[in-house]
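Please open the model in your viewer, with the chain drawn as a cartoon, and follow the selections below in order.

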Amino acid sequence: MTASNTVSGATQTAPVATSLAPALSDLREAALLYATAKASRKVEDWADDLNDFVASGGPTTQAVVGGLKAMLRGDNPVWAAIKGAWSGASTELKLAVVLILILTLLLGPVVLLVLVLGLLVAALVAGIRAATR
């Protein structure tokens with residue numbers, strides 16, 4: 001298939017494929033650029049939505065996001081989840097956790113002492129019973 005052009009009385013024939021190929025190549029490149037730009041905008045929108053969700057989330061959301069980020073970086077996801085939960089917790093919850101930890105540290109030795117004394121009494125009772133038989 002050929003197309004003919006008349007230039008100053010002379011007839012020139014050129015194959016249609018050679019004049020159509022650059023136009024189709026340009027069209028393909030333009031369509032690819034458009035699709036890439038549209039996909040990029042969509043991904044940016046999704047990332048913005050995800051960031052907004054994370055910013056407005058509570059301790060559970062912060063823990064999940066922190067754990068996932070750490071896992072993707074190759075770090076310990078448990079520690080990152082704990083830090084994420086702590087950063088997302090309210091001031092009242094943080095205060096309650098700190099008070100519970102302080103009470104546990106202060107009362108822990110007392111509980112341990114009572115346990116040791118209980119075991120000592122149980123050992124004495126068992127020794128006395130064994131000696132009386």
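Colour by secondary structure to begin: the protein has four helices and two strands, and from the N terminus on these elements run β-β-α-α-α-α, where helices (H or I, at least four residues) and strands (E, at least two) are DSSP runs numbered from the N terminus. This is a predicted model, in which local features need pLDDT of at least 70 and side-chain atom pairs count only at pLDDT 80 or more, while totals for chains, interfaces and linings use all residues. Residues are numbered from 1 along each chain as its sequence is written, and side-chain values use heavy atoms, with hydrogens and water left out.

Next, select residues 59–73, which are helix 2, together with residues 77–88, which are helix 3. Their axes come within 7 Å and cross at roughly 150 degrees (lines fitted to C-alpha atoms over the stretch in contact, with angles from 0 to 180 degrees between N-to-C directions), and the two helices are therefore roughly antiparallel, a term for angles over 145 degrees.

Now show side chains, and look for contacts, meaning heavy atoms within 4.5 Å: Pro59, Gln62, Ala63, Gly66, Gly67, Ala70 and Met71 of helix 2 meet Pro77, Ala80, Ala81, Gly84, Ala85, Ser87 and Gly88 of helix 3.

Then move to residues 95–128, which an unreviewed UniProt entry lists as "transmembrane region", an annotation that may be inferred rather than shown by experiment. In the model this span is 100% helix and 0% strand, and its end C-alpha atoms lie 49 Å apart.

Conventions: Angles under 35 degrees count as roughly parallel, over 145 as roughly antiparallel, 65 to 115 as roughly perpendicular and the rest as oblique.
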